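Please look over the sequence and the structure shown here. The report below can be read alongside them.

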Amino acid sequence: MNTWLSLHRAAFASAFRRLWATPLNTLLSLLVIGIALTLPAFGYIALDNLRALGSNASGVQQISLFMNLDASKKDVGEIENRLRQAANGKWRFVPKEEALKRMQASEGMAEIVASLPRNPLPDAFIVDPANTEPEALEILRKEIAGWPKVAHVQLDSAWVKRFDAFLRLGKLALWMLAGLFGAGLVAVTFNTIRLQVMAQSAEIEVARMIGATDAFIRRPFYYFGALQGAFGGLLAAALVVGALRMLAGPVGELAALYGGTFSLRLPGIVEVVLLAGLGALLGWVGAQLSVSLSLRKFD
Amino acid sequence: MIVASNLTKRYPGGFEAVKDVSFEIVAGQMVLITGHSGAGKTTLVKLISTIERPTSGSLVVNGQNLSAMRRSAIPHVRRHFGLVFQDQKLLFDRSALENVLLPLQIAGLPRREAIRRGQAALDKVGLLLREKANPIALSGGEQQRLAIARAVVNRPTVLLADEPTGNLDAESGAAILDIFADFHRVGVTVVVATHDQSWIERYHPNVLRLDHGRLL
């Protein structure tokens, strides 16, 4: 166990020294890897912010339930009971008197409302479902429509479906982009390691002659690839945070112009660690491919 | 103990460097492999050290049949040998001590212990004061002594050398001979391929004489 640890510690230290020994090369490689990871990472966070924006937008993913005009207080109580049992998120009752007052308050509507012989508006419920998936919203809408004394159930499902389709398309594009740039990262690491193997061919040859196993030869290159990928991932996270911070002000101003508030979500510590981990994994894969091919000439 | 039976090495193209060679080297012996240039000395050293694999025949070292050994087991066998090459194969991007430490790093020795043993090996060959020097700054004789220090630092049971004095003047060559003799004196099996006849006159070793790949 001590020997195993000692070998890994030495390989890790050797990989770190190699990164440090050529700072300019390392910096350029990290920039390439960092930028390659920044684009999909930024896309992921941007889509997530967009999803949050869609969820928070007023009226979106809400179901409006309108009662019959002749619905009694008992009927309203029955609907409240059903909503409570369904436990499908939050809901709010809007009595027809309150709806009329709001209508009167609207510009140019006071006279029209005053001329009406009676209140034409029904009692209503505004439901904020817990599950905002389009399919779940549609199922809930159909269920509510079947309840007694319910005249109309309104869900802007077309908007929700379009928004969801847009998000799915965005996710798909993001995966494709991530795959493409991931392959780029593997290629960058592959080439860096190949050059390193060439530069250290004398050491590899001697080490093999005096009893180095394949694992001993390969290990520092694996660590190098993983370290380079991890640092590239951290750089990408820093770039994403920097870009989002720059965008935060203008996005807030834009939201204010529409009468709302919205602040961009920055990547969390878990996401940063995942990004670094993904970079390390791809770097390791690139190193493995490169070392396997490059070391064949020593066999 | 090293036992070779009907050992043959044929290179791609059909050239047979070693032909049907059989011999036995007892532990602790000093053996000289001699012969003119192209006689097969270097190939025989490479076969014993598992750098090359025989085309046919068997080679048993300390009870292990190297000819039938899995590829993954070979590195562990090589650690029982201390190898000294004519061109030393030193690494010029690091100090003399770091060169000597390489076999210990491969064996996974803790750094502090490795340095202690590396310095002891350098001391044995008279290079302790040059531990920080780059090998390129050492003379030919010193470079060869450094190569010997690297070969013995892991306390091998067999010290194998291919023309270790080939590139040296008489004085430096004699110093190298003395170092090999010292290791032989403490029980290390020493196998040296050389065309330098002064070894025979000074140490009266067992001799394996090769001619066109065959043992005479």
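The model is predicted.

**Chain A as a whole**

Chain A has 10 helices and 4 strands. Read from the N terminus, its elements follow the order α-α-β-α-β-α-α-β-α-β-α-α-α-α. The chain has 299 residues, and 28% of them count as buried.

How does the radius of gyration of chain A compare with that of a compact globule of 299 residues? Such a globule would have a value near 19 Å, but chain A has 30 Å. The box filled by the C-alpha atoms, taken along the principal axes, is roughly 100 × 40 × 30 Å.

Contacts in chain A can also be sorted by distance along the sequence. Among those between residues at least 6 apart, 84% join residues at least 24 apart.

**The contact between the chains**

Chain A gives 14 residues to the contact, and chain B gives 14 residues. On the side of chain A that touches chain B, the elements giving two or more residues are helix 1 (2-21) and helix 8 (201-209) of chain A. Helix 8 of chain A supplies the largest share of that side, 5 residues. By residue class, the side of chain A that touches chain B divides into 9 nonpolar, 4 polar and 1 charged.

**Helix 6 of chain B**

Helix 6 of chain B covers residues 170-185, which is 16 residues. From its first C-alpha to its last it reaches 22 Å, close to the 22 Å expected at 1.5 Å a residue.

Which residues of helix 6 of chain B are buried, and which exposed residues does the face turned away from them carry? The table lists both groups.

| Group in helix 6 of chain B | Residues |
|---|---|
| Buried | Gly173(B), Ile176(B), Ile179(B), Phe180(B) |
| Exposed, on the face turned away from the buried side | Ala170(B), Glu171(B), Asp178(B), Arg185(B) |

Gly173(B), Ile176(B), Ile179(B) and Phe180(B) are the buried ones. They lie on the same side of helix 6 of chain B because they cover an arc of only 115° around the axis. The cover over these buried residues includes helix 5 (140-152), strand 7 (158-162) and strand 8 (189-193) of chain B. The opposite face, turned away from the buried side, carries exposed residues, among them Glu171(B) and Asp178(B).

After helix 6 of chain B comes Gly187(B), which has a positive phi, near 105°.

Technical notes:
Residues numbered from 1 in each chain as written. Chains lettered and ligands numbered in written order. Predicted model: local features only at pLDDT ≥ 70, side-chain atom pairs only at ≥ 80, totals over all residues. Expected span 1.5 Å × (residues − 1). Buried ≥ 20, exposed ≤ 12 C-beta atoms within 10 Å, placed from the backbone. Arc of directions from axis to C-beta. Contact = placed C-beta atoms within 7 Å. Nonpolar A, V, L, I, M, F, W, Y, C, P; charged D, E, K, R; others polar. Rg over C-alpha atoms; globule rule 2.2 N^0.38 Å.
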